[in-house]
Protein chains: 4
Amino acid sequence: MELRSFSEVTAAYDVIFFDSYGVLKNSGGVLKGVPDLLLRLTQAKKDLYVITNDASKAPERMAQSFSHPVEGELIPASQIISSGLLAADFLAAQVAAKKPNGRAAYLGKPSSAYYVESAGLEAIPLAEWNDSEDPDAIVLLDDEGFDWFRDINHALNIIRRSLSPVVIGNADLLYPTKDGFALAVGSLANMLQPIAQKTFYRFGKPDAMMFVYALQAMRSARPGTKNHKVLMVGDTLHTDILGARMAGLDTVLVLSGNTLAAQAELQIQSTGIVPTYVCPDILS
Amino acid sequence: MELRSFSEVTAAYDVIFFDSYGVLKNSGGVLKGVPDLLLRLTQAKKDLYVITNDASKAPERMAQSFSHPVEGELIPASQIISSGLLAADFLAAQVAAKKPNGRAAYLGKPSSAYYVESAGLEAIPLAEWNDSEDPDAIVLLDDEGFDWFRDINHALNIIRRSLSPVVIGNADLLYPTKDGFALAVGSLANMLQPIAQKTFYRFGKPDAMMFVYALQAMRSARPGTKNHKVLMVGDTLHTDILGARMAGLDTVLVLSGNTLAAQAELQIQSTGIVPTYVCPDILS
Amino acid sequence: MELRSFSEVTAAYDVIFFDSYGVLKNSGGVLKGVPDLLLRLTQAKKDLYVITNDASKAPERMAQSFSHPVEGELIPASQIISSGLLAADFLAAQVAAKKPNGRAAYLGKPSSAYYVESAGLEAIPLAEWNDSEDPDAIVLLDDEGFDWFRDINHALNIIRRSLSPVVIGNADLLYPTKDGFALAVGSLANMLQPIAQKTFYRFGKPDAMMFVYALQAMRSARPGTKNHKVLMVGDTLHTDILGARMAGLDTVLVLSGNTLAAQAELQIQSTGIVPTYVCPDILS
Amino acid sequence: MELRSFSEVTAAYDVIFFDSYGVLKNSGGVLKGVPDLLLRLTQAKKDLYVITNDASKAPERMAQSFSHPVEGELIPASQIISSGLLAADFLAAQVAAKKPNGRAAYLGKPSSAYYVESAGLEAIPLAEWNDSEDPDAIVLLDDEGFDWFRDINHALNIIRRSLSPVVIGNADLLYPTKDGFALAVGSLANMLQPIAQKTFYRFGKPDAMMFVYALQAMRSARPGTKNHKVLMVGDTLHTDILGARMAGLDTVLVLSGNTLAAQAELQIQSTGIVPTYVCPDILS
């Protein structure tokens, strides 16, 4: 496994898709040096997008976190493609289109309600759902903001009796924290599904729809750009790299997040998910 | 599907194995009429055992709950075979035998610590495990008695870095409550395992060891009894009935717990787990 | 569950996506009456597409089978979106782009080699791969055309030692035959994957990419058509209906294929995959 | 990971349980030196048992293969515990006891029919089952002796329509061959089960019943022997070592079969299945 410098690798590409967590930021916030890097890439006429399994807050709020102290916003909200957006599109087409002002019960922080409301539905924390009537959708958006024991069991009982769609706004199974790892909402969904005996509607990488959605947004702005001029940068083989390969893109695995340098070679060998390049991080 | 009367079915058997929850008791406690039934069966010279996926309290405490108001204890603790006992045997042979007075971190109510302590280990609630050193075993015993978000994530990080065995004292995935269902500790284990990337040591039905263990206990008391004189009574196809069939026993499915009368026929057809008899409940 | 007439349901839509097997045809060939129906729909200015998990032959050959005896071809090859096309796109972008004239070993009938060759690779039946060198891709396209025992085991050993991508051209698990059902290539892939310990690149419904690809083709021909004017018709809940809902489309479940009339209601209840409409078949 | 000499490790034990394939023999037959080793262990008053996931031939035939050229049989058939024996016990108790002279359709070599016949049932190769009536059991015993494409699909259709039990006589997923690996009958069962939508009755390691059965046989011959005087020797972590630990036994992992020396440490770390000892092979 040959390690490459990120600045050298990017030279051949016009558009760069970044995963967020483990690439641009970590549990301590945006990595030092990242705003300057994004500024340099923008000045070099590269278009930058963020492709993230995150339904915990609106793209506008994510965009703010990548601002440059002097130059301001470097990646506009319209270039931040979150799994929450796909979930919101689903809710709009499959729920709100049939029942405007319908009501969805959700699990997640209050800021994740954005994705329910932007679909045209009323967002009610699942803990507060006490109706005999079922909600029009059950939406799992984030692992924080609720009492797991009480609310996961409550969700189970609503899901078992209801035919309303169950939407998972983030397919991730775990995420790195400063102490190690924490279970993401995709793991909660995996626990519920065999017991709930319902098929869930899951959104997020490695599903290639994330990349197709981003490629469509990119082509509106830069018509005619070929897939081989687009590079996906991620820290996780089975989401970022797998999904981007499915969509036909070249990929960079960085070793600054989920994949540790000591285990990268072995994980590539044992999964067969081979990135085009491996870089220590994006600042190299 | 022909429904049979339980009293008629039992006539041909000398030994009866009962599942506990959904058969002898429910979320409201021991079913009215059960102590009298157990007394009659005992007077008819039948040996009674309880085979339960329960590691939440000691067999002695379970035995008390089945007492007759006049006649006292009807099923002695030695005839209550819980999945916790198998977990305790494992901990004794595989942990305490190598390291007497070792320390195990556990998830569950304080009363479930019995199964760790009876193996000769010190039982420490996982929330209180703050050592840099790893525990000698991690033991998941019950779904209550701890903060799910904090302690399941804490367990994940201990399990990922440790080579100590992870023991699941109850393989059940869910259990009925007065409001519907709740996730049992087996579901928590299923969520953790693919992320923890360790193989767990799971105990409980449908594993046939539960039945082999009970048959051994039964034969010490009643040597020479053949398997075909033993009847297992349970409310769940994929634990009670599957496991008992694996062990070569005849079975009764009762419709007083997990399996609803309206769905019994369909579930039997769709799983292929066919009980010898179906009865509405044990009081019929 | 209210049964609707297909002709009445289609009135509100401009574009109709059809699954092939179980909808337009069965093991006896194209259903009697289907060519006339397709002709009427075309005359009513509806655009027709076929969305099929089939990598056994080229779209041109599929198009021929839907021809009208008098009017000729009713659905042009360019409107037949097969899972094989997505596999071919992947092979072109991820294999042939890096290594023109690379060689892929495939499992399937000779006619399925089309999808390897159209990607710019040489297609070699896996049974004939005897090189010490590994193929540039291993491609599973169909369940027929090879000796299962010999060639599946041969595939296993090539996959275990190689880092070349393993591509599954059809995600289906089974298909109806005149005698019952047969295992499709997706089932062979599911058997191999845990043993091969590689992640496979799978294409086909329910992956929403099939639908996104079809919607892009449709919009080139009919710009500005909204998703709510598109109707997907399929016989299988967990591929056709699930995938189309993920892509935001309305759906019809027909009872002429995988889903039997007697079980439709139950399967909808137990999976939570709810179609917009249910019709006996497309000829009603 | 410290490598130990097998002869030194065995000193502390009275009874030795051996896995067969990868320990005593490989694809070339019984390993050179093994008969002499077994003779020495017998002379040292150790009791020897074979615990094998193998339902391809009768224990008597297996016993012959371990004979010493001069001294004759070293491990009597009664000390060879195969997964086929447990399957036969199940068939006897759950099928033949209700319907003497019942008929079972089986997949496997003709020699594997032994396990059906010894249960008191007529064994009919599945390929020859053409009755409208269903067999009394469907039994998967071996991966050889039949046409995979024709007979696996035939089995699928019988299983889907029947309520007769489906019995898997060998839980192994793969086995080493001289060219690499081959899929074992457990993999065929895993492919069929989700499509057949029936629960199968599976026998073999890692299920602890294999070990409990062997311990019962051992205690009839050598009453009072404690578990800590029994040593299990195997080449596979997730069958031999996991199952024996579940049963409370000490274990040796040997590196002469499924587990390669270069990967042993990593596999132990990544599964958490830790053997008591690791030896290069049993001849060291």
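This is a predicted model: local features need pLDDT of at least 70, side-chain atom pairs count only at pLDDT 80 or more; totals for chains, interfaces and linings use all residues.

Visitor: OK. And what about the closest C-alpha atoms of chain A and chain D?
Guide: Those lie 10 Å apart, with no contact joining chain A and chain D.

Visitor: How many residues of chain A are in contact with chain C, then?
Guide: 27 residues of chain A, and they meet 27 residues of chain C.

Visitor: Which helices of chain A supply at least two residues each to that side?
Guide: Helix H4 (83–96), helix H8 (209–221), helix H9 (237–246) and helix H10 (261–271) of chain A.

Visitor: And what's the make-up of that side by class?
Guide: The side of chain A that touches chain C has 13 nonpolar residues, eleven polar ones and three charged ones.

Visitor: Switching to A and B: what rotation superposes chain A on chain B?
Guide: One of 180°, with 0.0 Å of shift along its axis and an RMSD of 0.0 Å. The two copies are therefore related as by a two-fold rotation axis.

Visitor: Which C-alpha in chain A is nearest the axis?
Guide: That of Met191(A), 2.6 Å from the axis. Also, both copies use the same surface: 100% of the contact residues of chain A recur in chain B.

Visitor: Which residues point which way from S13(C)?
Guide: Val230(C), Met232(C) and Gly234(C) point one way, Leu231(C) and Val233(C) the other, and all are buried. In general, side chains in a regular strand alternate between the two faces of the sheet.

Visitor: What does S13(C) pair with?
Guide: Strand S1 (residues 15–18) of chain C pairs with S13(C) in the parallel sense over four bridges. Within that pairing, Phe18(C) has Val233(C) as its bridge partner. Strand S14 (residues 250–254) of chain C also runs parallel to S13(C), joined by four bridges.

Visitor: Which residue in S14(C) is the bridge partner of Gly234(C)?
Guide: Leu253(C).

Visitor: Last one: what unit do S13(C), helix H9 and S14(C) make?
Guide: A right-handed β-α-β unit, with helix H9 of chain C covering residues 237–246.

Notes. Residues are numbered from 1 along each chain as its sequence is written. Chains are lettered from A and ligands numbered from 1 in the order in which they are written. Copies are superposed by least squares on the C-alpha atoms of residues with pLDDT of at least 70 in both. Two residues are in contact if their C-beta atoms, placed from the backbone, lie within 7 Å. A residue is buried if 20 or more other C-beta atoms lie within 10 Å of its own, exposed if 12 or fewer, and partly exposed in between; C-beta atoms are placed from the backbone. Two strands pair if DSSP finds at least two bridges between them. A crossover is right-handed if, with the strands pointing away from the viewer, the path from the first strand over the helix to the second runs clockwise. Ala, Val, Leu, Ile, Met, Phe, Trp, Tyr, Cys and Pro count as nonpolar, Asp, Glu, Lys and Arg as charged, and the others, Gly among them, as polar.
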